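Open your viewer and get ready to click. This tour tells you what to select next and what you will find there.

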Amino acid sequence: MIEGFTALYIFMLAAFTGYEVISRVPVILHTPLMSGSNFVHGIVLVGAMVALGHADTGLEQAIGFVGVVLAAGNAVGGYVVTERMLEMFKSSKEDRG
Amino acid sequence: MNTVIQLSYFAAAALFILGLKRMSSPRTARGGILWAGAGMLVATIVTFFWPGLENYLLMIVAIAIGGGLAWWSGKRVAMTDMPQMIAIYNGMGGGAAAAIAAVELAKGEFGSASFQGLAVLGALIGAVSFSGSLIAFAKLQGLMKRAVRFPSQQFINLGVFGAAVIFGLIVFAMQAPAGALVFVFFVLALTFGVLMTLPIGGADMPVVISLYNALTGLAVAFEGFVLGNAAMIIAGTVVGSAGTLLTQLMAKAMNRPISNVLFSSFGQSGAGEETAVEGSMKAIDATDVAVMMAYADNVIIVPGYGMAVAQAQHKIWELTELLEERGVKVKFAIHPVAGRMPGHMNVLLAEAGVPYDKIFDLDEINAEFPRADVALVIGANDVVNPVARTNPDSPIYGMPILNADQAKNVIVIKRGKGAGFSGIENALFFQDNTHMLYGDGQEAVGKLIQQVKQL
């Protein structure tokens with residue numbers, strides 16, 4: 001478990017990191033980048049798996065199951081569409097097939 | 001095993017940050033998503049070895065269903081429909097965060113009060129993001145009327161939000177929260193997400209999707225604290241703050257504060273007084289436009305969402321290649337909010353094969369319009385309306401626009417004479433140096449291609 005202030009520090013540093021990483025992004029990449037960051041929060045899949053793995057009653061299992069379905073959709077869908085979009089961005093110097 | 005899991009999560013978090021960093025430049029972007037994808041794969045696989053887990057069969061079936069459906073839909077979706085697809089995947093993430101919280105609340109075994117509080121907060125944010133994103137999807141997909149408004153909407157929304165917060169506090173305060181109360185809390189949170197998104201119009205949807213993206217990130221981070229999962233905390237927080245920044249950038253590109261997007265409705269102020277525009281619209285035929293463009297030195301093409309609706313982007317690229325063979329310099333000027341989402345036009349042009357180094361942003365290209373012989377406006381309207389610079393009474397006054405009106409000749413390809421999305425008359429169309437080429441975008445450009453070939 002990550003306790004109290006350690007958690008708070010991680011939170012603060014990660015927040016600054018996110019801000020800095022994105023701060024100079026050109027508009028042309030806004031849509032793929034939004035899609036890419038959308039993919040990154042698909043990490044919720046890991047949490048949903050743990051929640052389902054700990055579920056005991058039928059109700060908990062049902063909610064956990066829905067959670068994993070949704071999370072897997074977020075992760076896989078986010079990846080597929082981001083990859084498809086970025087695949088298309090080519091410079092005029094590159095060979096286009 | 002625990003060390004291996006923690007190390008893998010550490011690597012995943014690092015890969016996410018590096019991947020996002022690479023995604024912020026067109027040269028390295030493709031590698032970026034691969035890095036982030038590798039991080040996700042590693043984190044998912046090691047989670048199967050998390051100590052004390054059960055229900056593996058359910059887990060695998062759930063991943064197969066969710067992942068399979070998303071894979072199938074993600075591969076098939078047209079580039080024009082990308083914004084609503086991103087909205088729905090994002091909503092799923094928010095829903096998953098809320099589901100984690102629901103399981104934890106049902107178990108009621110929190111290590112400390114602060115974890116229980118974070119679980120409730122994450123549940124609230126995640127549920128709002130989930131139902132709100134679904135409404136955003138329905139609107140962009142055209143399943144729903146653009147903006148639904150009813151009397152005293154703001155007060156009702158505030159009331160529902162207040163009730164959700166109160167039930168959240170009750171659930172937070174109870175040692176083992178009663179199932180019925182948790183249920184009411186989730187219903188209220190989901191309802192608020194729906195109500196909050198209903199009155200927002202289609203043009204503002206990108207800002208809303210981006211905001212929900214940031215909110216989901218935050219919800220994931222909060223549930224990460226509850227589960228003691230560092231990868232979720234870091235990835236969620238990074239997305240939360242990056243998403244907030246993206247939301248601000250998008251709102252700024254539309255020249256509207258975020259609060260204005262969320263709590264007011266566009267077109268209600270000042271749109272009543274229509275200022276008469278002087279001059280008249282002059283039609284031109286494709287032959288003349290072809291000659292004008294083929295013998296020009298510099299041409300700037302200003303595409304808008306109308307171009308994508310007409311599926312004219314491939315034809316536009318064909319025309320561009322023809323002109324370039326004749327030695328004409330062609331550039332594309334894209335307004336930050338053209339399309340259904342900032343950067344959306346870039347994706348659509350990239351799909352047609354236009355290299356990204358021919359595409360220019362507002363700041364980069366505006367100084368070049370006075371030197372351009374022809375500005376070809378196709379499917380764009382409000383983003384080239386000079387009243388945004390000149391008429392303080394106009395609802396779009398102050399919005400940064402592409403100065404297409406400063407080109408020597410302006411050609412506008414347009415289906416009919418109607419006003420744009422916002423219903424504002426476009427002064428550009430009435431200028432002396434502007435000519436209208438009426439017709440469907442794809443057909444009109446097709447004719448231009450034929451004419452240029454014959455020259």
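A residue is called buried when its relative accessible area is under 20%, exposed when it is over 50%, and partly exposed in between (1.4 Å probe, protein chains only). This is a predicted model: local features need pLDDT of at least 70, side-chain atom pairs count only at pLDDT 80 or more, and totals for chains, interfaces and linings use all residues. Residues are numbered from 1 along each chain as its sequence is written, chains are lettered from A and ligands numbered from 1 in the order in which they are written, and side-chain values use heavy atoms, with hydrogens and water left out.

**Stop 1: a helix in chain B.** Select residues 313–325 of chain B. This is helix α13, a DSSP run (H or I, at least four residues) numbered from the N terminus. Its 13 residues reach 19 Å from first C-alpha to last, close to the 18 Å expected at 1.5 Å a residue. That expected span is 1.5 Å times one less than the number of residues. Now color the buried ones: Gln313(B), Ile316(B), Trp317(B), Leu319(B), Thr320(B), Leu322(B) and Leu323(B). An α-helix has 3.6 residues a turn, so residues three or four places apart point the same way. Next, click Gly327(B), which follows α13(B) and has a positive phi near 90°.

**Stop 2: where the chains meet.** Show both chains. Contact (heavy atoms within 4.5 Å) takes in 81 residues from chain A and 104 from chain B.

**Stop 3: a charged pair.** Select Lys107(B) and Glu60(A). They form a salt bridge, with their closest N and O atoms 3.7 Å apart. The rule asks for a side-chain nitrogen of Lys or Arg within 4 Å of a carboxyl oxygen of Asp or Glu. Between chain A and chain B, the count is two salt bridges.

**Stop 4: helices of chain A.** Select α1 (4–22), α2 (30–40), α3 (44–54) and α4 (58–88); each supplies at least two residues of the side of chain A that touches chain B. The largest share, 27 residues, comes from α4(A).
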